[in-house]
Amino acid sequence: MGFVPLILFFSLSFFSTFTLAFNISTLSFNDAYSPLFGDGNLIRSNDDNSVHLLLDRFTGSGFISSDLYHHGLFSASIKLPSDYTAGVVVAFYTSNGDIFEKTHDELDFEFLGNIKGKQWRVQTNVYGNGSNSRGREERYVLWFDPTQEFHRYSILWTHQNIIFYIDEVPIREVIRSDAMGGDYPSKPMALYATIWDGSDWATSGGRYKVNYKYAPFISEFTNLVLKGCAVDPIQQLPSTKCAEAKAELSGSDYAVVTPERQLAMRKFRQRYMTYSYCYDSLRYPVPPPECVIIPSEKMHFRDNGHVKFGGHHRHAKRRNRVPVVLTNPGSHSGTM
């Protein structure tokens, strides 16, 4: 086995050990969700366990959870549109912007399409108390093709921390601190899933637009999970019944970044992160209080927070194009 394929195989096998780590129950669409917009472009499976969201030249589409949650695990297996997807945005996120317009909280997974032959990019973000001017964006590429099969994307939100997972690999953790103040999301949020036209910014800063010759663009959602304390959307305050649910959530396996998961997160960020606000010293001369600056990681980034030309993610991207050579084909995880 050659050196480069060996590195790729290590990356695949290392991350694939986390794929089935969680023991979580899934819900049908009717159990916990409702259409949000573009009803004709929201197609539910016959068993009500999967949803297709379509974007065409007339409209995008989306769905929303039926309840607001004060902390929780929000998760789905998602497959993204293939071929030319420049300008297309698929979002999986929590928000209370419809209720708290000026002081909203939000936790985002945003998937940003690309021109044909180029990778989808993934962006995460954290907003608290309407802190839009203090966005906490990070961007990544992936170690697999998200258009070929389903992969699980999860957002864990507790009183103590926020963890973004991809296939049960933690890719980002935000630990609450007093210094964050209201920038840490604290109010009940709903779960949203959408697909829409982001031509003005999503791909190369708006250079490449959605080309509806390739429409409809179809994103698929299945294995839907909502686990947490549902609260009254009128009262907007958690009731006493939430105490038990919060304790269960905070004590769950996926609420803890174990040493093994910490290692997986470190490897992911070293290889696949392409932008971090924590390293954007032009925007934040003093890093926000939740940032953990890792010198070996920081050296790969420019002052504007973007990875240096020829940085670690470019090596990862090249490895994705190298055929995987296995001594035992039966051991291949199938995530590429």
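**Strand pairing, buried positions and disulfides in a predicted model**

Gln123 is placed in strand β8. The model is a predicted one. Gln123 has a relative accessible area of 7%. The cut-off for a buried residue is under 20%, so Gln123 counts as buried. Its side chain takes part in a polar contact with the side chain of Arg139, at 2.6 Å.

Strand β8 spans residues 121–127. Its pairing with strand β7 (residues 106–112) is antiparallel and extends over seven bridges. Within this pairing, Thr124 of β8 stands opposite Phe109.

Strands β7 and β8 belong to an open sheet of nine strands. The strand order is β1-β4-β13-β6-β7-β8-β9-β15-β16, with antiparallel pairing. The edges are formed by β1 (33–37) and β16 (304–306), each of which pairs on one side only. On average, neighbouring strands of this sheet are turned by 20° against each other, direction ignored. In general, the strands of a sheet pair through backbone hydrogen bonds, in either the parallel or the antiparallel sense.

Strand β6 lies between β13 and β7 in the sheet order. It covers residues 88–95 and contains Phe92. Phe92 has a relative accessibility of 1% and therefore counts as buried. In sequence, Phe92 and Tyr153 are 61 residues apart. In space, their C-alpha atoms are 8.4 Å apart.

Tyr153 is a residue of strand β10. This strand comprises residues 151–157 and is mostly covered, with seven of its seven residues buried. Both faces are covered. His151, Tyr153, Ile155 and Trp157 lie on one side. Arg152, Ser154 and Leu156 lie on the other.

Strand β10 pairs with β5 and with β11. With β5 (residues 68–79), the pairing is antiparallel and comprises seven bridges. Here Tyr153 of β10 stands opposite Ala76. With β11 (residues 161–166), β10 again runs antiparallel, and five bridges join the two strands. Ile155 has Phe164 as its bridge partner in β11. Three residues separate β10 from β11, and the two strands form a hairpin.

Helix α4 consists of 14 residues (259–272). At 1.5 Å a residue, these should span 20 Å. The end C-alpha atoms are 20 Å apart, so the span agrees with expectation. The buried residues of α4 are Arg261, Ala264, Met265, Lys267, Phe268, Arg269, Arg271 and Tyr272. An α-helix has 3.6 residues a turn, so residues three or four places apart point the same way.

The model contains two disulfides. One joins Cys229 to Cys242, with an S to S distance of 1.7 Å. The angle about the S-S bond is -70°, and the link is left-handed. Cys229 lies in strand β14 (residues 217–231), whereas Cys242 lies in helix α3 (residues 242–250). The pair therefore ties together parts that are 13 residues apart in sequence. Cys229 has 5% relative accessibility and so counts as buried. Cys242 is also buried, with a relative accessible area of 1%.

The other disulfide joins Cys278 to Cys291, with an S to S distance of 2.1 Å. The torsion about the S-S bond is about -85°, so this disulfide is left-handed. Cys278 lies in strand β15 (residues 273–280), and Cys291 in the loop between β15 and α5 (295–298). The two cysteines are 13 residues apart, and the pair links distant parts of the chain. Both Cys278 and Cys291 are buried. Strand β15 sits between β9 and β16 in the order of the open sheet. With bonded cysteines counted along the chain, the disulfides follow the pattern 1-2, 3-4.

Notes:
Residues numbered from 1 in each chain as written. Predicted model: local features only at pLDDT ≥ 70, side-chain atom pairs only at ≥ 80, totals over all residues. Heavy atoms only, no water. Disulfide = S-S within 2.5 Å. Helix = DSSP H or I, 4+ residues; strand = E, 2+ residues; numbered from the N terminus. Buried < 20%, exposed > 50% of the residue type's maximum accessible area, 1.4 Å probe, protein only. Expected span 1.5 Å × (residues − 1). Pairing = 2+ DSSP bridges. Axes fitted to C-alpha atoms, helices over the stretch in contact; angles between N-to-C directions. Polar contact = N/O pair within 3.5 Å; in protein donor to acceptor, adjacent residues only side chain to side chain.
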